Amino acid sequence: MTRKTISTEEAKGKSLKKEYQRGGSKRQEILDKAVEYLKAPIMETQADRHHFCLTNLMMNETEYLEALNKAASGDWDDLSKPWRTA
């Protein structure tokens, strides 16, 4: 079963469920998806992405910067790639 991914514009009109808000049981899922969103090759400026994360995902600056750092640095735990050495 595949799940439909909504666009940024569709997401702007929705509110975040309680369990995905700060302190909720599924907050980490939103933070992980934010990393993927920041890495995605879509036509949005970094300012637009920043605004979306803070406004719609209800992230604070620390959460946003941590997600941005993860998105920029990639998966450094995967040493199977030849250009990544311990």
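## Burial and overall make-up

Of the 86 residues in the chain, 26% are buried, where buried means under 20% relative accessible area, exposed means over 50% and partly exposed lies in between, with a 1.4 Å probe and protein chains only. This is a predicted model, in which local features need pLDDT of at least 70 and side-chain atom pairs count only at pLDDT 80 or more, while totals for chains, interfaces and linings use all residues. Residues are numbered from 1 along each chain as its sequence is written, and side-chain values use heavy atoms, with hydrogens and water left out.

The chain holds 4 helices and 0 strands, which are DSSP runs (H or I of at least four residues for helices, E of at least two for strands) numbered from the N terminus.

## Helix 2 against helix 4

Helix 2 (residues 27-39) packs on helix 4 (residues 61-73) at an angle of about 50 degrees, and their axes are 8 Å apart; the axes are lines fitted to C-alpha atoms over the stretch in contact, with angles from 0 to 180 degrees between N-to-C directions. Residues that make the contact, meaning heavy atoms within 4.5 Å, include Leu 31 and Leu 38 of helix 2 and Tyr 64 and Leu 68 of helix 4.

## Glu 61

Glu 61, which lies in helix 4, is partly exposed, with a relative accessible area of 40%. Leaving aside residues up to four places away in sequence, Glu 61 touches His 50 and Leu 54, and the C-alpha atoms of Glu 61 and His 50, 11 residues apart along the chain, are separated by 9.1 Å.
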